[in-house]
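The sequence and structure come first, followed by notes grouped by topic.

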Amino acid sequence: MRNTFLILLIAFPLAACGGTNKGDEDADTDAEDAVDVTGDEEGEPPEPVAPPALEVSHDPLALTDQAREAIDTVPDWLQDDLAINLNKVFVTHQTAVAEAILDVADPNLIDEVAFVAAHSSPEMLEHGLFFPELLELNARLIYEYDTVLDYVEIVDVGTPGVDPDFYTTATYRVETEAGTVEERTIDPDDYYWYVVHPRLEDELPLYVNGWASGTGLRPDMGWFWREFLWDAAAEDCPTDRTCPLLSEFMPGIEVFKRASESTAYTTDGRDEVYAFVNEVLDWGAGTERPIQPNRIYVLHCGNCGEYADFTVSSLRTALIPARNCGASSNDHTWAEWLYQDVGWQGSLGFYRNGVRRDRIDNDCDGFADDSLDDTDEDGDGVTVAGGDCNDTLDSVYPGATEIQNGWDDDCDGVADTGFTDADLDGDGDGYSITAGDCDDTDDAIHPTATEASNGVDDDCDGTADEGYDAADSDADGYTIAAGDCNDNVDTINPGATETTNSIDDDCDGTADDGTDTADADSDGHTIAAGDCDDTNDAVHPGAVETANGVDDDCDGVADDGADAADADADGITIAAGDCNDNVAAILPGATEVDNAVDDNCDGAADEGLAGSDRDGDGFTMAEGDCNDLAGGTNPDAMDPFLSNNRLYAITTARGDSLAGIDRTEAYATLPSYLDIDVTDRTGAPVDGALVTIYGTWAVYGRPDQWAVASELTTDITGKALITVGEYNPYGYSVVSAVGDNPGAGYLNPGVDETTPYETHDIITNVPGTMPVNPSATEAELTGGADAEVTLDVSFAIESYRIEGDGRLFGSFSQEKDGGHVDAFLLDQDNYTHYQMNDAFEAIVVDLDAENGTFVEDLPRTQDWILVLSNTSFTRSTMVGSVTVNASPPGDITWTADVPELHVRVRIPPGEHVAVTLTP
């Protein structure tokens, strides 16, 4: 059940008109119904009265009884994520997954089973071929293989069912440089995500018979990859081939990782997995590009994608933490494994950053970023001087075999000799243009794709959106058949007004046509009236020309008439030869000083000072140092190698479909940063917006085409930060619950070229509006003698979960610190107004609070309701707790105790929790 909210209600009887003031004239009309708490005679204490009822009256999580029981069964640290995730799936699947948790026979497996249930895409849990019993099989196999693997030990911390924080991790035997063996325990998160989780990347954890196909089957008809790779592959192995088993490679291996200089152990667990992989697979993709490990095993061939999937699944089967890692813009992926001392390491070798250029002539030969002709960086036996056209790839050199991969493998100047672009599967979806792929840059478009209502010919049959043309998805009165070029945005249709926004609003095939009469920068001049830069209000016809390299007055000439200015007041104008009219110390005739600046405007810096070695690199300018302020620049320095294999962003895959963005800095030589800020049209931050970052497809020699580099999701402040590679252009697009920017099939230019270690801001907005709470007015409440209940409330929001949609199958949820809710204490009538999104009154209004406390004396004449609201977000679930305590004020006593109400709250976006106090 996807759209649910949590409301805490405190019920007291409510006045007919919702009034909260004690001095109402009709208060006497309720006298007959009021409880008599006065003493029989003057001075006697009032009679004890029955205590009020205190209960949660609205819980927005639509969970079945089995689901609630399963949540209560698992360790405390898993309960929030499990509750939130089960709430997103339909009831039948929710119950099936919950029963799979409750049916776990071995209590030690409960955390592994529950973790996968809590951290898998809801879409995966609802998949028709996913069987929840696989959750326990997956966990049971981990413990089973642990008994025969000498280099690893599964460690349960605490007692399941007894310790609320029970968890599991793994300890590995590692050989040191000294030849001793030490034990290293990994972080539990790495154990659960990268050993336990049964999903690798773009496949699903299904029962697959790889000998027949790569599709899912019933449990009795196929195998889960963990059991298939370990030993089940032998069951149906054909007589004409051998079937290596991982179980034959791993027993007797004593250390997970041996020291590089040690000879005490000839092999380690990691190396044995690689030996298994290399015995099973041969390099080179076939006509089928499988993603299920069982099918990859059977076909025993593949390119980087198959090798990465198969290596990661093999490592996890051997209980070694592993994950897929890749550079999407470069169409490359590989496996990474975790080693405690040095973090994540690539099993297929580190990705070489071919654009380690710094725009500097490091070796002072007169050229910046020229290649090192006399070195063989990739170890293929051929240097650049010998004709190697890419010295970062050992498969590329003169005489190499040309294969269909977009590279000039044999360095003859032509990529894919003998192949055409039509033969190349550019997007890796298994279909080339020759095979009928009508868009070989998008892996979602190919002949067997499912047609969607998106204005795109998804299945390449020559028709877009067949079966959908009659629909009007955005309810703007125009269907695709009627010419709507974006049926997801109601402001884009054939009858819309074209605006200056780089979007074809009126679907005539041209963006922003007819908008030259707009004055975008409000300088009083339109483009039609001659404004040559309608984004800068200082540039327009009639502006004063200044010496700034800009055509300020739009006469076609920059800085004309400005040379006579003396901006720095040093007595020399630009016309008179001042080469920097912003610094008074720089002018013709000035004394040259040791600062790498042309102080005297003669065209050379620091002339006459060549005898000093200012940067201490052993070379003076007289000896050829072309930059004596940079120690890394001199005739003996190395100029970085330049190739088209640019590094844009490195991402990792997680089992819930999240593309991690934490690995770029580990691979990039000079990383940069993009800081994205997404707001709606009113300036309100947009949470959960999916921001896709694009880089040019230079790896295939197509700098005019863009490929996905990475994706990330904005937090509740509307912000997201990503690390990217250096000296690259980047584009972006935004998809959110309140609108997209730009429309489908387009992207925005973001940064022309990033600068190393600098943060580049991208500020953008979407056309919709974020939801807001109805207007709340704080009303007064007078206590006094009629106040017969004291309400003590405290709440705390500890974290929130952002839900996102990834390029991989399904959606994911990320935990973030912080969060906030709006809190109200009100009567029944006003609570009804609140639910109907009307203005309302409350005696407590606490907006945007991360935590709060208040104490109120309340009359017993009506119900009272406490509301914690999360209606101002679209993709973020607030998680925390609330405590409510009721006690009698003054000398009034109750006939029984009212228990303190303490509840865990999980409030999905657009919902609220309510607690009711009833007399």
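**Side-chain links in the predicted model**

Arginine 875 and aspartate 805 pair through their side chains in a salt bridge, with an N to O distance of 2.7 Å. The two residues belong to distant parts of the chain, 70 residues apart: arginine 875 sits in the loop between strand S29 (864-870) and strand S30 (876-887), and aspartate 805 in strand S23 (residues 787-805). The structure is a predicted model. A search of the whole structure gives 22 salt bridges and 5 disulfides.

**Salt bridges**

- One network, joined by salt bridges that share partners, contains Asp80, Glu798, Arg904 and Arg906.
- Side chains of opposite charge can pair when their charged atoms come close.
- Aspartate 268 forms a salt bridge with arginine 258, and their closest N and O atoms are 3.5 Å apart.
- That pair also links distant parts of the chain, with aspartate 268 and arginine 258 both placed in the loop between helix H9 (246-249) and helix H10 (269-280), 10 residues apart.
- Aspartate 268 is buried, because its relative accessibility is 0% and the cut-off for buried is under 20%.
- Arginine 258, with a relative accessible area of 23%, is partly exposed.
- Glutamate 144 forms a salt bridge with arginine 140, where the closest N and O atoms are 3.8 Å apart.
- Both glutamate 144 and arginine 140 lie in helix H6 (residues 133-146), and their spacing of 4 residues is about one turn of the helix.
- Glutamate 144 is partly exposed with a relative accessible area of 41%, and arginine 140 is partly exposed with 40%.

**Disulfides**

- Cysteine 237 and cysteine 243 are joined by a disulfide with an S to S distance of 1.9 Å.
- The torsion about the S-S bond of cysteine 237 and cysteine 243 is about 90°, so this disulfide is right-handed.
- Cysteine 237 is partly exposed, at 23% relative accessible area, while cysteine 243 counts as buried at 14%.
- A disulfide also joins cysteine 438 to cysteine 460, with S to S 2.2 Å.
- The link of cysteine 438 and cysteine 460 is left-handed, with -80° about the S-S bond.
- Cysteine 438 and cysteine 460 both lie in the loop between strand S11 (343-346) and strand S12 (651-653), so the pair ties together parts that are 22 residues apart in sequence.
- Cysteine 438 has a relative accessible area of 45% and is partly exposed, whereas cysteine 460, at 18%, counts as buried.
- Cysteine 485 is joined to cysteine 507 by a disulfide, S to S 2.1 Å.
- About the S-S bond of cysteine 485 and cysteine 507 the value is -80°, and the link is left-handed.
- Cysteine 485 and cysteine 507 are each in the loop between S11 and S12, and the pair links distant parts of the chain, 22 residues apart.
- Cysteine 485 counts as partly exposed at 41% relative accessibility, and cysteine 507 is buried with a relative accessible area of 19%.

**A further cysteine**

- Cysteine 325 has a relative accessibility of 1% and counts as buried.

Conventions: Residues are numbered from 1 along each chain as its sequence is written. This is a predicted model: local features need pLDDT of at least 70, side-chain atom pairs count only at pLDDT 80 or more; totals for chains, interfaces and linings use all residues. Side-chain values use heavy atoms; hydrogens and water are left out. A disulfide is a pair of cysteine sulfur atoms within 2.5 Å. Buried means under 20% relative accessible area, exposed over 50%, partly exposed in between (1.4 Å probe, protein chains only). A salt bridge is a side-chain nitrogen of Lys or Arg within 4 Å of a carboxyl oxygen of Asp or Glu.
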